[in-house]
Amino acid sequence: MKIFDTLTREKKEVSKKKLKMFVCGPTVYDNSHLGHARTYIAYDIIAKYLRYRGYDLSFLMNITDVDDKIINRAAETKKDPKEIAVQFEKAFMEDMKALGIGGIDKFARASDHMPEIIDQIQRLVKKKFAYETKTGVYFDITKFAEYGKLSRQNTEELKKHRIEPDATKKNPHDFSLWKKRDKSELGWDSPWGFGRPGWHIEDTAISEKYLGSQYDIHGGAIDLIFPHHEAEIAQMESVSGKKPMVNLWTHTGFLLVNGEKMSKSLGNFITIKEALKKHPAEVLRLFFAMSHYRSPIDFDENNIKQAKNTLDTIYNALVVLENIEKGPGEDVESEVNRIKAAFIEHLDDDFNTPYALSSVYELVDLVNKYASTGKKISRDSKELIEATLLEMCGIFGALRNYAPVKVTEEIRKLVSEREAARTRKDYKKADAIRSRLEKMGIIIEDTKAGIIWKKKS
Ligand code: AMP
């Protein structure tokens with residue numbers, strides 16, 4: 001399979017079977033929003049797919065629980081920074097669970113890795129890539145000739161970026177590894193005095209500990225390319241003397257609102273918790289999967305509705321399939337296998353989820369074609385279609401509520417009685433039948449795609 005690498009700007013073949021992946025985690029100072037969900041769902045799909053394809057994946061995510069944003073939020077709310085970090089880390093974990101994001105083998109907090117962070121800075125100082133001043137310890141970018149290689153910026157372009165002014169630094173763009181701070185603030189003792197680490201060093205100290213100085217995949221959204229990932233490369237490749245730090249740099253496109261990044265600072269966000277009150281997780285997941293992970297996505301309720309309709313159509317196909325007459329009938333094995341091969345081909349090509357979804361629709365069409373022509377289908381074929389549909393949708397984290405509904409005569413009768421009641425606008429009766437069905441563990445939903453029946457989860 002091939003994955004696009006931001007550093008070389010080309011798709012690279014993944015030849016190893018054992019893969020180590022690090023994805024930049026959240027800064028825990030507030031509730032996460034849908035922009036964060038866009039990135040974490042993308043990596044969840046990537047992880048699910050890699051494992052589905054037989055890769056032995058170790059997936060590590062850091063938690064930035066030491067950061068100025070946390071300290072500022074603590075000051076605003078008159079709370080302890082640690083309390084803020086604990087509160088929002090818990091909220092983040094709840095959001096991830098609610099979104100069906102799993103499979104991250106290890107979460108690692110910056111605050112739990114101070115010895116590793118300090119040790120990495122010490123090695124950088126010893127190798128003369130970093131230096132100490134009155135205000136802290138800084139990475140000397142002139143010592144790393146390739147600084148700018150990921151974001152493809154030369155020295156002149158780098159100068160255009162806004163920087164924190166500090167007269168003690170050798171070069172304005174040298175970035176901070178350790179910030180000296182007053183004892184009254186959040187901090188740790190270090191060889192350079194009390195203080196706290198810079199953001200970039202937290203991640204390389206953590207990734208070095210668990211994945212080593214060289215590993216396979218590093219991820220995050222596109223805004224992290226510069227300065228964060230650029231700084232990570234400078235730190236890690238300088239300290240280890242080994243190149244490349246990672247084989248594949250991957251970056252997700254933004255979730256946009258009216259053309260701008262959904263973000264806390266712009267105030268144009270909707271939290272994951274709010275979004276989940278309106279839409280089931282699998283609808284949100286499908287909404288994101290309808291775009292390629294590297295593409296920007298416009299936040300648009302109409303497109304979310306479209307994702308909901310698509311999902312209904314898929315659920316409906318399963319119900320339709322259940323009701324197609326089985327018996328000695330046509331065998332569709334080769335057709336299903338062809339569709340599945342195309343699905344894999346799309347995802348093998350840098351996780352092309354929108355194309356892979358078109359294979360899912362093809363399978364749905366196949367089911368509907370059988371239903372509309374009244375042709376019988378063999379029991380094996382029916383089982384193969386059902387299993388394939390569930391397998392494919394499982395990669396996107398969809399069809400989570402599906403369980404085959406055994407349609408008994410009694411259920412069939414109740415459903416048609418309910419339909420008749422609805423047609424004559426006897427909604428009281430229709431609702432009563434719906435509740436009766438619910439008690440039997442069956443949920444009836446009226447959708448554009450028709451009635452779908454779900455087993456109560
Ligand atoms: P933060 O907690 O702000 O450090 O963000 C955690 C991750 O979510 C990073 O990889 C960010 O780049 C990513 N992220 C934040 N906002 C968005 C957005 N609007 N769209 C996509 N990813 C985002």
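Two bridges join strand 12 (residues 255-257) to strand 13, and the two run antiparallel. Here, strands pair if DSSP finds at least two bridges between them. As a bit of background, strands of a sheet pair through backbone hydrogen bonds, either parallel or antiparallel.

Before going on, a word on what you're looking at. This is a predicted model, where local features need pLDDT of at least 70, side-chain atom pairs count only at pLDDT 80 or more, and totals for chains, interfaces and linings use all residues. Residues are numbered from 1 along each chain as its sequence is written, and side-chain values use heavy atoms, with hydrogens and water left out.

**The whole protein**

The protein has 15 helices and 17 strands. Both are DSSP runs numbered from the N terminus: helices are H or I with at least four residues, strands are E with at least two. The C-alpha trace spans about 80 × 50 × 35 Å along its principal axes. Of the 457 residues, 52% count as buried. Buried means under 20% relative accessible area, exposed means over 50%, and partly exposed is in between (1.4 Å probe, protein chains only).

**Around the ligand**

Which residues are closest to the ligand? They are Thr39, Ala221, Asp223, Leu255 and Met262, from a shell of 17 residues that surround the ligand. To be counted as near, a residue needs a heavy atom within 4 Å. Some polar contacts are listed below; such a contact is a pair of N or O atoms within 3.5 Å, and within protein one must be able to donate a hydrogen and the other to accept it, while residues adjacent in sequence count only if both atoms are side-chain atoms.

| Residue | Protein atom | Ligand atom | Distance |
|---|---|---|---|
| Thr27 | backbone N or O | oxygen | 2.9 Å |
| Asp223 | polar side-chain atom | oxygen | 2.6 Å |
| Met262 | backbone N or O | nitrogen | 2.8 Å |

On its own the ligand has 490 Å² of accessible area, and the protein covers 93% of that. These areas come from the Shrake-Rupley method with a 1.4 Å probe, and for residues only the protein chains shown count as cover. Helix 1 (34-52) and strand 10 (215-221) are the elements that give two or more residues to the shell. Helix 1 gives the most, with four residues.

**Rings and charges**

There are twelve aromatic pairs in the structure. Rings of Phe, Tyr and Trp (its six-membered ring) pair if their centres lie within 6.5 Å; planes under 30 degrees apart are stacked, over 60 edge-to-face, and the rest tilted. Phe343 and Phe396 make an edge-to-face pair, 6.1 Å centre to centre with 85 degrees between the planes. Phe343 is in helix 11 (residues 333-348) and Phe396 in helix 13 (residues 379-396), so this pair ties together parts that are 53 residues apart in sequence. Phe343 is buried at 1% relative accessible area, and Phe396 is buried at 0%. Elsewhere, ring pairs link Phe129, Phe139, Tyr147, Phe175 and Phe226 into a cluster.

Charges meet rings too. The charged end of Lys17 sits over the ring of Tyr55, 4.1 Å from its centre, and that of Lys170 sits over the ring of Tyr131 at 4.5 Å. To count, NZ of Lys or CZ of Arg must be within 6 Å of the ring centre and within 35 degrees of the ring normal.

Most residues other than glycine have a negative phi, and most peptide bonds are trans. Now for some exceptions. The peptide bond from Phe226 to Pro227 is cis, with omega near 0 degrees, and Pro227 lies in helix 7. The bond from Lys243 to Pro244 is also cis, with omega near -10 degrees; Pro244 is in the loop between helix 7 and strand 11 (246-252).

Arg9 is not a glycine, yet has a positive phi of about 60 degrees. Arg9 sits in the loop between strand 1 and strand 2 and is partly exposed at 34% relative accessibility. Phe351 isn't a glycine either, and its phi is positive at about 55 degrees. Is Phe351 buried or exposed? Phe351 is buried, with a relative accessible area of 3%.
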